[in-house]
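Try each task before reading its solution.

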Amino acid sequence: MDHSLASYNPALVALSLGIAAIASLTALDLAGRVRASQGLARHLWLAGGAFAMGTGIWSMHFVGMLAMDPDSHFAYGIPLTLASLLASLLASALALATVQSGHLTGPRLAVGALIMGSGVCLMHYIGMEAMLSVDSLRYRPDLFALSVVIAVLASAVALSLAFRLNPVGGRSPLWQRGLASLVMAAGISGMHYTGMAATSYRTLSYSASAPGIGTDRLAIVVALIATCIMLAALMMSIYDAHLSSRNAQLARSLQQANQELKDLVHHDVLTQLPNRLKLEEHLDELLEDNIDTFAVFFVDLDRFKQVNDGLGHHVGDELIKGAARRLQMAVRDSDLVARVGGDEFMVVTHQVARRGDAEALAQRIVSSLDKPFQIGNSMVKVSTSLGISLYPDHGRSKHALMVHADAAMYRAKQQGRNNFQFFALDMTSEADRRSTLERRLTQAIEEDRLSLAYQPKIRVDSGEVSGVEALLRWHDEELGQVTPDEIIPVAEDCGLILPLGAWVLRTACRFSSEWLKESGEPLPVAVNISAIQLNHRGFVATIEAALAESELPPHLLELELTESTLVQNPDRALEVLSTLRNMGVLLSIDDFGTGYSNLTQLKYLPVDRLKIDRTFMQGVVDCEQDAAIVQAVISLARCLGLHIIAEGVESEEQLAFIRQLQGHEYQGYLFSKPVPAEELKALLAKGHLVAAAAAEPRHAPRDTPVREARLSGLEPEGRPSHPTGIA
């Protein structure tokens with residue numbers, strides 16, 4: 001019988017389409033697993049995917065053939081049937097190998113589609129040749145060619161979808177893969193039924209005893225194969241979904257943990273700015289990229305320790321965060337801002353065509369940080385010292401650039417702070433000396449190798465000694481004689497000012513107490529106090545400990561504070577000074593006129609004395625302006641009821657000027673330079689000390705209405721306005 005046109009069983013056609021869709025979905029899933037795997041796992045997924053995809057296409061083919069001419073009985077030769085299955089497996093393996101890695105280029109897609117389409121056609125037409133119950137097969141050339149074209153196009157679509165729906169490191173939603181599998185199934189089925197339509201044959205009588213697989217048995221085999229494919233696809237889909245979800249969750253957790261770890265390693269926890277490690281990596285990158293020029297800025301907040309110790313670490317932390325925000329606003333988006341220390345930042349910018357560009361950026365940074373910070377209820381004012389090094393002028397390595405920027409920053413501090421300096425060659429030796437000084441000063445404090453010198457204070461009217469000022473002295477075996485002007489800034493910057501100040505207090509109080517016990521004569525002693533000491537929360541306790549340890553009466557201790565120390569945190573200063581004054585300690589303003597004078601605050605501070613700075617005293621004889629300034633200061637002090645002391649008196653003319661203005665005391669080389677304790681005792685033994693001062697203070701300042709109002713409620717009961725022995 002000649003069958004040029006065949007009829008089909010609709011149920012089996014639908015079943016074949018279902019098998020094709022399931023096989024396509026399985027192929028897409030396994031293609032994703034192949035692309036996501038490495039090594040042996042990739043080969044295993046490739047083999048499993050080829051088997052599932054190949055058997056699925058093969059099963060669809062034979063179910064489709066079973067759907068043809070349901071009233072006919074066909075048998076199939078086993079060798080050719082197996083050959084068709086092998087062709088399907090090889091075609092599937094080549095398809096999955098094509099999508100396992102890389103990108104899908106046009107030539108690669110064309111070659112892969114041609115190979116896969118040829119394999120599908122080979123599987124189909126070998127399967128047709130396996131039919132034993134038909135006479136010779138004939139094909140319509142046009143439909144035959146069309147089936148080949150459909151197979152190649154369907155293969156191209158399948159490969160393209162496999163790439164698009166399975167990107168490396170990702171996975172498309174299930175609904176997208178489902179729609180894609182229907183498209184692929186339509187292509188595979190279209191090729192099959194087009195090929196069937198291209199075939200004409202004539203059936204022969206088939207004997208059940210003839211070799212081959214009968215229709216019934218073939219139906220059972222194909223059904224089992226199709227069922228296995230569906231179950232395998234379902235199980236793999238469930239497992240893959242579970243595995244993908246779990247792996248994705250673990251990957252996200254791991255990525256988040258890695259990012260947090262990376263942030264901890266490369267960023268500062270408080271400010272979230274890059275840290276020193278990130279900064280050095282950035283410098284390495286700039287050096288490797290052979291950038292023509294770039295600049296490194298070293299930014300240090302002046303007097304930050306005073307804020308941290310006086311107002312608490314929480315205020316200090318907020319100050320650091322505020323400074324970090326202002327730095328980021330002052331620089332360009334392409335610049336790197338890093339926190340490299342407690343109050344230290346570094347900025348790296350490669351947009352510096354000339355020196356002037358670096359100057360402009362440095363000026364913006366200094367100006368932005370010079371404005372007060374509002375932190376809670378406190379207004380905090382700090383300044384900035386900034387050093388600049390330029391590549392390649394100031395160094396060709398990251399270490400040299402960072403060290404030289406640091407050295408330039410310290411030169412800015414020496415130049416009065418709140419400014420910027422470019423690196424110069426002479427700064428290297430200064431940086432080395434500073435490093436040595438920090439190390440040796442720490443050892444000197446620990447090993448008690450410091451000393452004090454004492455400069456007498458003299459009464460203007462009688463020429464008698466009324467007290468002494470304790471001054472720090474240090475002679476180091478390695479550094480030689482180191483002056484206080486060099487010691488104090490270093491001690492403040494490296495955190496040694498508190499132990500150093502406590503040592504000075506204990507030593508000075510012990511000397512005055514020993515003199516009182518030995519001679520029976522009071523010798524008030526004055527000690528200079530820094531802003532860091534005043535703002536430290538344990539400062540009052542340090543004073544109490546020094547007085548208790550030495551057994552010195554509080555009224556024989558005088559604390560000298562500069563104007564800048566008092567106005568940095570006036571509320572804190574008023575609280576501490578009031579407590580000290582109630583204890584009986586004498587308070588004075590040192591170097592008056594050289595700092596920031598806020599007369600409104602000065603009026604309410606419980607101070608007793610005002611010291612005129614030596615810079616004004618040097619010109620009072622020859623300079624009318626200096627003479628007028630000193631005269632105005634003395635008039636102001638008298639209005640406020642303050643005791644007046646002139647510093648730096650070195651000539652009789654200067655002393656006469658002070659005497660004419662009725663100043664109370666002076667100190668300077670005219671009477672004596674600062675001398676060690678033993679020399680001072682010899683000097684006092686000559687009778688210069690005011691022996692009767694303990695019973696009756698002389699030349700106490702006249703109380704004025706301003707002084708009475710200012711000191712109202714601050715005087716402890718029974719305490720004289722000026723301690724015994726102080727005129």
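**Exercise 1.** Find the helix that holds leucine 277, and decide how exposed this residue is.

*Solution.* Start with the helix: leucine 277 lies in H8, residues 276–288 (helices are DSSP runs of H or I with at least four residues, strands runs of E with at least two, numbered from the N terminus). Next, take its relative accessibility of 37%. Buried means under 20% relative accessible area, exposed over 50%, and partly exposed in between, with a 1.4 Å probe and protein chains only. Leucine 277 therefore counts as partly exposed.

A note on the model: it is predicted, so local features need pLDDT of at least 70 and side-chain atom pairs pLDDT 80 or more, while totals for chains, interfaces and linings use all residues. Residues are numbered from 1 along each chain as its sequence is written, and side-chain values use heavy atoms, without hydrogens or water.

**Exercise 2.** Which strands pair with E16 (residues 586–592)?

*Solution.* Pairing requires at least two DSSP bridges between two strands. E15 (residues 557–562) pairs with E16 in the parallel sense over 5 bridges; there, glutamate 560 has serine 588 as its bridge partner. E17 (residues 609–612) also runs parallel to E16, joined by 3 bridges, and phenylalanine 592 stands opposite isoleucine 612. Finally, look at the cover: 6 of the 7 residues of E16 are buried.
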